[in-house]
Amino acid sequence: MINKTAVTAVGELLFAAILWGFGFVACVWALKAVDAFELTFVRFALASALSLLIIAPKLKKKNMLTAAEMVRWSFWPAVFLFGTLVFQTWGLHYTTATKCGFITTLYVVFVPVLESFHMKRKIPWTLWSCVGAALFGTLLIVNVQLDSINLGDVLTFVCALFASLQIYYMGLISPRVKSPFTFNTLQSVWCLLFSIPFLFHDNLPAKLLNFTSWPATAIAGVASLAFCSTVLAFFLQVKAQASLSPTVSSLLCLLESPFSMIFAIALLNESLGPLEAVGAALIFLSAVGASYLESTAKKRKLK
């Protein structure tokens with residue numbers, strides 16, 4: 001008998017991956033009007049405003065203490081998320097949405113390695129092989145040359161490191177988080193506070209007041225990043241993961257990369273050369289392998 005709840009959850013997480021994949025194109029569009037740091041401020045300002053409007057009626061006196069605790073718990077995840085998105089967006093100034101999507105996927109490989117070092121556990125050779133293949137794939141997809149390394153690819157690599165820190169830290173505190181949506185709202189507010197210094201960078205207030213002069217694609221990009229990638233996709237992810245195993249959830253989230261490539265080819269006329277395509281495939285397969293190895297290792301512990 002088909003589990004309708006699980007089928008619905010798969011559809012929700014698949015839609016979230018599509019939104020995240022489109023987010024890379026949305027970012028490229030938005031960067032036509034603002035730079036990476038300004039975009040981070042605008043994105044979280046809009047996302048925080050909408051999220052606070054949603055949760056405000058639910059913040060009754062009896063759960064204010066829980067919200068106060070989550071303000072403290074959400075600080076470090078917000079620091080890592082802020083770093084992830086700043087470096088990712090900054091990288092898109094210099095590299096393609098397709099490459100950025102696949103390089104970002106490296107966080108899936110880095111997380112189990114980070115966990116092994118933190119917990120002082122020996123890293124199995126199978127996981128090291130995934131790491132090695134992913135890094136080799138990265139060299140291929142960035143078409144690395146010692147005399148000319150693309151700054152955007154390097155920035156996206158740093159973004160993947162921050163993403164792995166954010167995901168790992170979230171794994172440590174998630175059992176204490178009773179309301180994921182409220183937690184994400186507070187995380188977004190923290191990121192907004194971190195980005196306030198960029199508010200007056202390059203006369204951003206004037207840019208915002210004259211947003212009607214922005215290209216239509218830039219306005220659409222900012223709106224998509226704030227409301228779709230930041231608010232809606234996260235909500236769908238949290239809701240779906242309650243009904244799916246970690247392995248299935250990880251594999252569906254990884255579809256963000258191929259979706260980013262599909263949207264970039266269709267909307268930005270991007271393409272990958274033969275070696276770059278092999279590199280993208282190696283990164284994706286390595287991430288799938290690392291996710292599977294992590295899942296099976298956890299299952300063995302529970303037995």
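**Exercise 1.** Determine how helix 4 and helix 8 are arranged relative to each other, and list the residues in contact.

*Solution.* Step 1: the axes of helix 4 and helix 8 (residues 151-173) come within 8 Å and cross at roughly 160°. Here axes are lines fitted to C-alpha atoms, for helices over the stretch in contact, and angles run from 0 to 180 degrees between N-to-C directions. Helices are DSSP runs (H or I, at least four residues) numbered from the N terminus, and strands are E runs of at least two.

Step 1: helix 4 and helix 8 are therefore roughly antiparallel. The classes are roughly parallel under 35 degrees, roughly antiparallel over 145, roughly perpendicular from 65 to 115, and oblique for the rest.

Step 2: the crossing of helix 4 and helix 8 is left-handed; that term applies if the near helix is turned anticlockwise from the far one by less than a right angle, and right-handed if clockwise.

Step 3: with contact meaning heavy atoms within 4.5 Å, the helix 4 side includes W76, F80, F87, W90 and G91. The helix 8 side includes G152, L155, T156, F162 and Y169.

The model is predicted: local features need pLDDT of at least 70, side-chain atom pairs count only at pLDDT 80 or more, and totals for chains, interfaces and linings use all residues. Residues are numbered from 1 along each chain as its sequence is written, and side-chain values use heavy atoms, with hydrogens and water left out.

**Exercise 2.** Classify the ring pairs of F75 with W76 and with F194.

*Solution.* Step 1: rings of Phe, Tyr and Trp (its six-membered ring) pair if their centres lie within 6.5 Å; planes under 30 degrees apart count as stacked, over 60 as edge-to-face and the rest as tilted. The structure holds 14 such aromatic pairs.

Step 1: F75 and W76 have ring centres 5.2 Å apart and planes at 80°, so this pair is edge-to-face. F75 is partly exposed at 27% relative accessibility, and W76 is partly exposed at 43%.

Step 2: F75 and F194 are also an edge-to-face pair, at 5.8 Å centre to centre and 85° between the planes. F75 lies in helix 4 (residues 75-91) and F194 in helix 9 (residues 180-195), so this pair ties together parts that are 119 residues apart in sequence. F194 counts as partly exposed at 22% relative accessibility.

Step 3: ring pairs link F75, W76, F80, F82, Y169, W190 and F194 into a cluster.

**Exercise 3.** Repeat the packing analysis for helix 6 and helix 7.

*Solution.* Step 1: the axes of helix 6 (residues 107-118) and helix 7 (residues 125-141) come within 10 Å and cross at roughly 135°.

Step 1: helix 6 and helix 7 are therefore oblique to each other, and their crossing is left-handed.

Step 2: V109, F110, P112, V113 and F117 in helix 6 meet L127, W128, C130, V131, A134 and L135 in helix 7.

**Exercise 4.** Summarise the chain and its confidence.

*Solution.* Step 1: the chain has 14 helices and zero strands, and of its 303 residues 48% count as buried. In helix 5 (residues 97-104), eight of eight residues are buried.

Step 1: pLDDT is the predictor's confidence in each residue, from 0 to 100. The chain has a mean pLDDT of 82, with 85% of its residues at 70 or more.

Step 2: Where pLDDT is low, the predicted coordinates should not be read in detail.

Notes: Buried means under 20% relative accessible area, exposed over 50%, partly exposed in between (1.4 Å probe, protein chains only).
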